[in-house]
Amino acid sequence: MAEEELPGIIFSAGLSRRLEEAADVIKEHKGIVRILSHYDPDGITAAAIVCKMLKRRGNHFQTTLSKKLDDRRMKEIRESTPEEQLIILTDMGSSRVSQLDEFPQMVIVVDHHQPEAEGDNIIHLNPHLFGIDGAREASASSFAFSLAVTLDEKNWDLASLAITGAIGDRQNLGGFKGYNEELASVTAQRELLKTEVVPDLKSSTVYDSLIEHPEPYFVGVTGRKRQASRFVKWLGLEKESEYKELDDDKKRFLTSICTLRLLRQGATAEAVENFVTTKYWLYDWDMYADEFSALLNACSRQGDQSTGLAMALGDKSALETAIQHRVKHQECIIDNLRKLEGEPPKTLDNVQYFHTSEPPYAGVLAGLGTLYFFDDTKATFGISKKNGNDHISARAPRQLVEAGVNLGLACKEAGDNVGGVGGGHNVAAGATVPSKKEKKFLNELDRIIGEQLTN
Ligand SMILES: [Mn+2]
């Protein structure tokens, strides 16, 4: 296709104006750009999009990835960045608008979290300010992409990073919506990716998918060589059988048996529905976008987000390291889920809880357990202990949230009542409380969630 025939995304007039304004600032800026971003897959890909668009213009930049934008970090950015430098924040910053407004440097914020204000002196690119739902319809990376293509049509290839980041924030669950949906469809029309509706098997062979990946999780099979090879044989397949090479009958049989197995083990409707899913094959990267996102996530979880960024910028040796991180990351999750199969969470009336020695994994384990095999009539709390405190990650299945459970409010109230802190969203939340108060905290949660369910 000739360049001028290629489809694009249509931005609203207001968004177009803001994008042009940001693009003009970047075009006029000659010096170094300081980039700060969140350390998760959405933040990493948003930063990579900004790095690439600047590099192509010949701008120099310095990038920092961090977990949060707290007062200390704000002070450090303001004081250590020379006044003539441009600061670009991605996947963070929208909650700090009034402080950023006072910065002597020029600041551009590209974020999709609920904005505190629009700001007077910064250039604020947040979907919420332009009638787009930032929780569901646009992530930091997918929104940063709009700036990259406003600067230069040649940046269209960065759409694969944008899609990968949106998947990292799980905005693809139940299908992309709104802005993301348009982005994915135009990217496909431009032949940068292709979409496939397939079972969510993450390796090329069915057997490897069962051995190496915690999601989807099959009780009694995932991570177990003997059981997995027996299951594969029972499906009429060989250990070497690749999903892509199966005929339609075998594909259909595989899908129905896996679905039945998930239902039988007590997986939630959500997990069963998501077994067959839309995947995005990225031609440039020779992998699916969800695979790419999983690699970036493993880097972050292993405390090595800079390898994730290097990989997103195209460094081949970083890809090898990222794969090693993913192997370790997934083994850790599978080992712990297998333990939880043998030793299920302890229960109260409305909550269940387990302890883990892997602090960064408490939330993932609670989330996957909830989706795939825990009792789905109770909210789940994963607890890890550190320095005399309990760090708690909470997850609830969709049906409980629909019945009135709000984990964010429950964690806040129960946390307050035992001298700790807590909060978050209705489906996922967290708290930190003194370990001595663990029992009281759990009892408070049990009471509060019981009340949420009866009201
Ligand atoms: Mn994000």
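I began with an open sheet of three strands, ordered 6-7-8 with antiparallel pairing. Here strands are DSSP runs of E, at least two residues long, and helices are runs of H or I, at least four residues long, both numbered from the N terminus. Two strands pair if DSSP finds at least two bridges between them. Strand 6 (193-199) and strand 8 (287-288) are the edges; each has a single partner strand, so one side of each has no neighbour in the sheet.

A note on my source: this is a predicted model, where local features need pLDDT of at least 70 and side-chain atom pairs count only at pLDDT 80 or more, while totals for chains, interfaces and linings use all residues. Residues are numbered from 1 along each chain as its sequence is written.

Next I followed strand 6 to strand 7 (residues 276-282): they run antiparallel and are joined by seven bridges. I found Lys 194 bridged to Trp 281 in strand 7.

Then I turned to the other sheet, which is open, with six strands in the order 9-10-11-12-14-13 and mixed pairing. Strand 9 (346-347) and strand 13 (421-424) are its edge strands, each pairing on one side only.

Last, I looked up Arg 96, in the loop between strand 3 (86-90) and helix 4 (97-100). Is Arg 96 buried or exposed? Arg 96 counts as buried because it has 25 C-beta neighbours inside 10 Å; the cut-offs are 20 or more other C-beta atoms within 10 Å for buried, 12 or fewer for exposed, and partly exposed in between, with C-beta atoms placed from the backbone.
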